[in-house]
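Trainee: I'd like to go through this model with you and ask where some of the labels come from.
Mentor: Happy to, let's bring it up on the screen.

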Amino acid sequence: MIENILKSFLFAKREFKERYVGTSLGQFWYLLSPLVMIFIYTVIFSDFMKMKLNIIDNSYSYSIYLISGLFAWTSFSTIIMRLNTIFFEKAHLIKKVNIPIYTFMISVILSEFFLFSISMVLAIIFLIIVSQPVTLTFLWLIPIMVIQTIFALGLGVIFALFTPFFKDLKEIIPILTQLWFWATPIIYLSDMIANRYPFILKYNPFYHFVKLYQNIFLYSKAPSIKEILLISTIASSTLLLAIYLYKKMVGTIKDII
Amino acid sequence: MREKVLEVKNITKIYKIYRDNLDRLKEIFLKKKYHKEFIANRDISFDLYQKETLGIIGLNGAGKSTILKIIAGVIEPTAGEVIRHGRVTALLELGTGFNLEMSGYDNIYLNGTLIGMNKSEIDSKIDDIIEFSELGEYIYEPVITYSSGMAMRLAFSIAIFSNPEILIVDEALSVGDAHFSSKCTRALRERKKQNMSIIYVSHDLNSLKILCDRVILLNRGEIVDRGEPEEVINHYNFLISKLNDRDNRVVSTPNGSFGTLDVEILDVSMEGKESKSNIISSGERAEIKIKIKSKKDLSNMTIGIMVRDRFGQDIFGTNTKYHNLELNFKRDREYICKFEMDLNIGVGKYTLTTAVHSSFDHLNNCSCWIDNACEFEIAGVKGDFFIGICRLEPKIEFKDIA
């Protein structure tokens, strides 16, 4: 077990080195995508369109709001999509080498978590540039990011387990993820739907995560114990369900891929 | 008693066949049964000892690959258990887990990690691996540019230098050229001396006889025989010939025969005295039976045979006339002519051509001639080993003359 998790680290490290092998910019690509995102949200939304939230006194307030939510969402949805096809991608290995499949799943989580961290660091640098206060409260980001990644792992594994049985899920999951994205206050503010569709916020597990990032970025507001407990419960129960299903289904999956 | 390195205990593997994947999923969670069963392995048990090479043979679909995959841990058995006392490396298919975009060099690390080596272990062996693979400078090229033989060489080199306690080789050796496959055979024997155990699956009966200490014969998912290679392979040959019986043992095809057809060759068969099939050891006594039917009264006739190798070269031919037999046929009578001889020829595949004619050769009144009336294979050597196509049985003497 421990040996296999160590292997996940090795795989994650290698994948990291290899993803952009042969490209001239090399590992700089890892920085490029979050940088471009930050650029779009500042220049387009704040400078061109002059979109501004009047909730805090910063001309880049909307950009700050967007970046906090989008970076969290990007990591979350990437993990789900990557796990979703993992049985097919790794079929050639699963069928020939005696390595448990969860090793590959954990390696995905590790490398995505690392990328998530990079993008968060870039986001914080951006905050400093636009003179948004960065306080010790920002340390709360670390546990929240970890819990979010565990949630993504659990959910991603559950979807991944069913995909070999219904190949349609390969197509359905990306669409569902899109719908989920727009059902979460990331681009718009939660106030805009809080009165008309309160249930969307209440029963959307990702809302409980994203609002914590937004509060930290905009107001340096630390999450309450209750909020942390809530997301921990969501993440751990999802993960437990995932583990239960994994044990039950993985043997059969090996026979059919 | 040598140490056991692998214990396979009562392995049964049942593949469930479903109408669709929905049924499969329903069955995981509900109690109801939705499947038909296909039994790939039934109650298979054996032990593998240190330094032993165990061969597994069987017809296609006998369950060889399934049991190998279970031993390698790639699929799970329905019942039973495999106890491994050491690292198992499996060469299940060529190029296991190669990343085609990456160079051969990087793939050694990738593949090595997958089969359980750590980085320092690979560091210390990478030069040996590259040297053994004979890839030279190509090792720095991406694997996608390799020929299948090159990829196989690399895969084999990594596997053998990973120093597994148990190595599973599934038909891998048959792909390389003669030079590399003999190098592999040598390397396997050497490793065996150190203390590696090997499970070897192949349809190449000759290499099985050379490499294996013990052979297991699978048929329809069950072990039907186990023991000395020679014996078990004969049993296997018997299974094959039964299979051939069931389809069409068209030994005499009307199409393949020509001549005046005054005499018809009805059936030609060839069987080793010990193997009871047409796969015969070199040096084994074999019997050729030719059944004919004459449509006319004919006298002073001859029945002849010719053994040809797979290139169509004449290896040996004889006929009844050379043996001073006078054959006279009566109208509408059937006859059997038997040739019994020791097959002192080298390993390989051969065909048998038969003919009925008068006088010494078929240029005189050829009644019936069938090319390739039957095929046979020489696998393994009885008695002293030799190379080449004929066994000259030398007496060898060596003495000190000083």
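**Reading the labels**

Mentor: Let's begin with chain B of this predicted model: among its contacts with a separation of 6 or more, 72% join residues 24 or more positions apart. Its secondary structure comes to 8 helices and 19 strands, and the C-alpha trace spans about 80 × 80 × 50 Å along its principal axes.

Trainee: How many of the residues in chain B are buried?

Mentor: Buried residues are 39% of the 402 in chain B. To be counted there, a residue needs 20 or more other C-beta atoms within 10 Å of its own.

Trainee: Then what makes B:Asn324 count as exposed?

Mentor: B:Asn324 has 6 C-beta neighbours inside 10 Å. The cut-off for exposed is 12 or fewer, so B:Asn324 is called exposed. You'll find B:Asn324 in the loop between strand E15 (314–319) and strand E16 (327–329) of chain B.

Trainee: Which residue of chain A has a positive phi of about 50° although it is not a glycine?

Mentor: That is A:Ser131, in the loop between helix H6 (101–129) and helix H7 (141–162) of chain A. With 9 C-beta neighbours inside 10 Å, A:Ser131 falls under the exposed label too, because that label covers 12 or fewer.

Trainee: Staying with chain A, why is H3(A) called roughly antiparallel to H8(A)?

Mentor: The axes of helix H3 (residues 61–84) and helix H8 (residues 169–182) of chain A cross at roughly 165°. Angles over 145 degrees count as roughly antiparallel, so H3(A) is roughly antiparallel to H8(A). Their axes come within 10 Å, and the crossing of H3(A) past H8(A) is right-handed.

Trainee: Which residues meet where H3(A) and H8(A) touch?

Mentor: H3(A) brings A:Trp73, A:Ser77, A:Ile80, A:Met81 and A:Asn84, and H8(A) brings A:Lys170, A:Ile173, A:Pro174, A:Thr177 and A:Phe181. By class, the residues of this contact are 6 nonpolar, 3 polar and 1 charged.

Trainee: Back in chain B, why do strand E11 (263–272) and strand E17 (333–342) count as edges?

Mentor: The open sheet has 3 strands in the order E11-E13-E17, paired antiparallel. E11 and E17 of chain B each have a single partner strand, so one side of each has no neighbour in the sheet. From one strand to the next, the twist averages 15°.

Trainee: How do you know that E11(B) and strand E13 (residues 285–294) of chain B pair?

Mentor: Pairing needs at least two bridges, and E11(B) and E13 of chain B have 9, in the antiparallel sense.

Trainee: Finally, how many residues are in contact between chain A and chain B?

Mentor: There, 19 residues of chain A are in contact with 19 residues of chain B. On the chain A side, helix H1 (2–18), helix H5 (91–94) and helix H12 (225–256) are the elements giving two or more residues. H12(A) supplies the largest share, 6 residues. That side of chain A divides into 7 nonpolar, 4 polar and 8 charged residues.

Notes
Residues numbered from 1 in each chain as written. Chains lettered and ligands numbered in written order. Predicted model: local features only at pLDDT ≥ 70, side-chain atom pairs only at ≥ 80, totals over all residues. Helix = DSSP H or I, 4+ residues; strand = E, 2+ residues; numbered from the N terminus. Contact = placed C-beta atoms within 7 Å. Nonpolar A, V, L, I, M, F, W, Y, C, P; charged D, E, K, R; others polar. Axes fitted to C-alpha atoms, helices over the stretch in contact; angles between N-to-C directions. Parallel < 35°, antiparallel > 145°, perpendicular 65-115°, else oblique. Left-handed = near helix turned anticlockwise from the far one by under 90°.
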